[in-house]
Amino acid sequence: MIDKLPSLQSIISEYGLSAKKSLGQNFILDKNILEKIARLSFSSIEETSLGSVIEVGPGPGGLTRALLNIGVRDLIVIEKDERCLEALELIRNKYPNNLRIIPGDALKVNFSEIGQHPKRIIANLPYNISTLLLIKWLKNIKDFSSLTLMFQKEVAERITAVPGTSSYGRLSVLSQWLCETKIKMILGPNSFIPAPKVSSALVDFTPRSEPLAPASFEFLERVVATAFNQRRKMLRSSLKPLGNPEELCKIANISSTLRAENVPIISFCAIAKYLEKE
């Protein structure tokens, strides 16, 4: 069973798995924290036997062990760091029917081609590609039943921020347009090896049955990127690259004197839908 595996500390020592800054690695070794993350990723223990779970950047396999330990039946891990593959094989040898290992870069993986529905992604994401991965998954959110992802706390706050707050921005709009988002846990720097300079937060994404308002991802992403590029300016200035700001604001039923951080998601969607038809 899983308890007979070498400790994570000994695995890291034996295989020389010191975290690489270039890969955005920060490992969690505390079993209690890892198991809590695993359990928070499911609304019921029965769900662990349904479909596939995909983990990105498992490193030495701490979360991998925790997920298998709570009963995940089909776990797929994607790991770019070749140093970690042998350590992950130790776990696979204990769970040959439950764990699959895909070597490679998660940014290049076609997630629609792996795993069985319902698919979940659960991961302590590499800091340096966390937002790139999130955008990739949001573009294909219908492929997933949930995402449970660890980000730097500042990024997590941007994802879950509401209009009228300083953290509200591009990630807030794109994430909440497609998902209900919630911070499930906050971890201080000392929970990681090596300790980062900032705290981290676990964010749960539950895909909506339908987006908050009609729009295409491509056009909505363009609208919010433009609007928040000059977030301190009024829309009558920040929206100029997209066309006539007054006309765009009229379409969205908002004032051109608002700043992007005060615009609700459905208004951004209205602008995106209008531009798509032009």
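Student: Leaving aside its neighbours within four places in sequence, which residues is serine 41 in contact with?

Tutor: Contact means heavy atoms within 4.5 Å. Serine 41 is in contact with Arg120, Ile122, Ser146 and Thr148, leaving aside its neighbours within four places in sequence. This is a predicted model, where local features need pLDDT of at least 70, side-chain atom pairs count only at pLDDT 80 or more, and totals for chains, interfaces and linings use all residues. Residues are numbered from 1 along each chain as its sequence is written, and side-chain values use heavy atoms, with hydrogens and water left out.

Student: Is serine 41 buried or exposed?

Tutor: Buried means under 20% relative accessible area, exposed over 50%, and partly exposed in between (1.4 Å probe, protein chains only). Serine 41 has a relative accessible area of 3%, so it is buried. Serine 41 sits in the loop between α2 (31-40) and β1 (52-56). Helices (H or I, at least four residues) and strands (E, at least two) are DSSP runs, numbered from the N terminus.

Student: Which members of the largest nonpolar core touch the most other members?

Tutor: A nonpolar core is a set of buried Ala, Val, Leu, Ile, Met, Phe, Trp, Tyr and Cys residues joined through side-chain atoms within 4.5 Å. The largest here has 60 residues, and Phe111, Trp137, Leu149, Phe151 and Phe268 touch the most other members. A second, separate core has 37 residues, including Leu29, Ala38, Ile101 and Met150.

Student: Which residues does phenylalanine 111 contact, leaving aside its neighbours within four places in sequence?

Tutor: Among them are Ile54, Val56, Ile78, Trp137 and Phe144. Lys119 and Lys136 are also in contact with phenylalanine 111.
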